[in-house]
Amino acid sequence: MPRRTGAISLAVVATLVLAGQSPAAAAGPPTLSIIDNETQPVFSYADAIVESLSVETGEDTDGDGVVDHVYVDLMRPREGEQGLKSPVLLTASPYNEGYENPENEDIPLRQAIGAGPGFAWRIQGDVKTDLFVPRGYAVAQMQVQGTGRSTGCTDLGGPHDIAAVTAVINWFAGSGRAFYLDGSPATADWSTGAVGMYGHSYDGTLQVGAASTGVPALKAIVPTAPVADWYKWVRTNGLTNYWADMPGYAQRVAGPAAKEVCAGHVASLAAAEDAASGDRNAFWDAHGYVRDMSRFTAPVLTTWARDDANVDSVQFADLWNALGAKGVPRKLWLLNGHHGSSPSDWRYDDWKRTLRRWMDRWLLGLDNGIDREPAVDAQRQTTPGPNTPPEITSTWPRQDATPVRLHAGDMVNGSAPLTTEPSASADFHMVRDTKVGPLLKTQPGIEPPYRIFGVTPPAAADTRFSGTPTMTATVRPTTRSTPLSAYLVTYREGVKGMKVLSRGLIDLKNRHSLYRPEPLVPGETLTVTWEMSPLDQTVPAGQRIGLILLGDNYSSDTVPDPEAGPIDFDLTKTSITVPVVGGRAAITL
């Protein structure tokens, strides 16, 4: 029989509504219904209030002399008009009205559908409203400044965008100014003052940025596939990713009015990011949220998809490790799939309950035990069905993963064994060829001298990697500038069907500092070690594991370096260290 708890103390005192009793029938103002430390769906979704308002950000990013206003669309229980106090779930996003979606032939997304003037196009179809509004939560969607109907100019997750998000959070907590669409003042007197955030990709990124400010009213976040550091999204150790275009991105998400008004602002972003050098600077530091965790207190429930090629795994690992070092409560769902993958593809009902319990715990203070459960639910790669039970562990990476150092042995007919023994031939002269270059990752049969290629025999059993590989290379460059590109890969059939497990790229000029490049001295030998992208991958029995090491990767991942030239490698001192579950005995060499 369900156990009914007594009254709980929140930002406001809430007496309980017994199961089966309507909120309106309880003595005094309507209150939340809580059974076994979980909120219950006792409020009408159909009767919920739908409203739109604008919040002042305190900034004038478009320079028109008027404080920027960001628009917020909101659903909340109607009982708020009778005194119900609701916590708030907020999504901040640039992908609302007017956004030019490249997958939709650049047709701007439609405006206002559903009930209520100016109601954003996604909110009524969002499961969070149906999941949380009946439980007494308010659900809000914010249009980032310079997007949708919001005024001002976006700086793509920079200080101005984050200030706008925190202004909305603070308004829900009782400070700042907001107005309904008719110009009348709006107040959040129905709010408990506790705010949680959720959302995917860019929407998740803004949560991490807001949490990094330590805004007190932000009690928990659920960022799925977020960027924790924008530099690492468009740069890699001093190299510029070939697809990176921050100014173009800013223009694409801009609202109809902002596209013209913010043209100068977008140009300033282009100058500040310094795409030509690929180096880090103050602009990128302001777009890095986990460099300083001193004010970060909001507990984090997050997801990571193993094969996400949009938001590299370094983003997850940086956030996860920073949370662990600070002691901030954290929980992870590790998924199969790509950037668009979500828990809706795996154990969706369990995910919705996890999401509810996370918000109940941190926004309402309910002691439901979620913070004492094992931190990681991992979807198994060997049995990937939608309802397959998870692999549950206390943390990530797997604690039974140990480092194994591998070398490319002597090169014969374009390839070498990948083994624990280094090559007996120290010198390997690698040259550039821009025509063959784009094929170097996908055509294992290509002969030297264009790349180093090492491969294992077919695996005798499944091989599990969990953690962050590191690459060490001893080289003698012939020019003052050159990149290095390393890929840990697997092949499904012989040496066909390649899949990249981890990549690691570096501009050798930035081997000591991302801020201050040091030109190379031609002919001088140097040894450099750099981290590759974290991974959690199972390579099935029968597949081969390979290491591909290149110089310039010819627009495969980064913008080519016109100054790059041949490189001499010392293969006796060049290796990759990989985290293998079970250690050396668990990998076939």
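What follows is a set of questions and answers about this structure.

Trainee: Before we start, what kind of model is this?
Mentor: Residues are numbered from 1 along each chain as its sequence is written, and side-chain values use heavy atoms, with hydrogens and water left out. Local features need pLDDT of at least 70, side-chain atom pairs count only at pLDDT 80 or more, and totals for chains, interfaces and linings use all residues, since this model is predicted.

Trainee: How many helices and strands does the protein have?
Mentor: Helices (H or I, at least four residues) and strands (E, at least two) are DSSP runs, numbered from the N terminus. Going by those runs, the protein comes to 10 helices and 31 strands.

Trainee: What share of the residues is buried?
Mentor: Buried means under 20% relative accessible area, exposed over 50%, and partly exposed in between, with a 1.4 Å probe and protein chains only. Out of the 589 residues in the protein, the buried share is 57%.

Trainee: And what share of the contacts joins residues at least 24 apart?
Mentor: A contact means heavy atoms within 4.5 Å. Take the contacts between residues at least 6 apart in sequence: the share joining residues at least 24 apart is 74%.

Trainee: Is Ser481 buried or exposed?
Mentor: Ser481 sits in the loop between strand E24 (470–477) and strand E25 (483–493). Leaving out residues up to four places away in sequence, Ser481 touches Asp507, Lys509, Leu520, Asp561, Glu563, Ala564 and Gly565. Its relative accessible area is 1%, so Ser481 is buried.

Trainee: Which side chains make polar contacts with the side chain of Ser481?
Mentor: A polar contact is a pair of N or O atoms within 3.5 Å; within protein, one must be able to donate a hydrogen and the other to accept it, and residues adjacent in sequence count only if both atoms are side-chain atoms. At 2.8 Å, the Ser481 side chain has such a contact with that of Lys509. At 2.5 Å, there is one with the side chain of Asp561.

Trainee: How far apart are the end C-alpha atoms of helix H9?
Mentor: The expected span of a helix is 1.5 Å times one less than its number of residues. H9 (residues 313–326) has 14 residues, so it should span 20 Å; this agrees with the distance between its end C-alpha atoms, 20 Å.

Trainee: Which residue caps the N-terminal end of H9?
Mentor: Look for a side-chain oxygen 2.9 Å from the backbone nitrogen of Val314. The cap at the N-terminal end is Asp312.

Trainee: Which elements cover the buried residues of H9?
Mentor: The buried residues of H9 include Val314, Phe316, Leu319 and Trp320. What covers the buried residues of H9 includes helix H3 (202–212), helix H4 (230–234), strand E15 (300–305), strand E16 (330–335) and strand E17 (376–378).

Trainee: Which element gives the most to the lining of the largest cavity?
Mentor: On a 1 Å grid over the protein atoms alone, a cavity is a set of points where a 1.4 Å probe fits but cannot get out, a pocket is an open set with protein on both sides within 12 Å along at least five of seven lines, and lining residues have an atom within 4 Å of a point. Grid points are joined across faces, edges and corners, and a volume is the space filled by probe spheres set on the points. The largest cavity has a volume of about 60 Å³, and its lining includes Asp312, Gln315 and Phe316. With three residues, the top contributor is E15.

Trainee: Which element gives the most to the lining of the second largest pocket?
Mentor: That pocket has a volume of about 510 Å³. Of its 25 lining residues, the closest to its centre are Asp308, Ala309, Asn310, Asp312 and Arg503. H4, E15 and strand E26 (496–507) each give two or more residues. With four residues, the one giving the most is E26.

Trainee: Where is the cis peptide bond involving Pro397?
Mentor: Pro397 lies in the loop between strand E18 (391–393) and strand E19 (401–408). With omega near 0°, the cis bond runs from Trp396 to Pro397.

Trainee: Is Arg347 buried or exposed?
Mentor: Arg347 lies in the loop between E16 and helix H10 (348–364). Its phi is positive, about 55°, although it is not a glycine. The relative accessibility of Arg347 is 11%, so it counts as buried.
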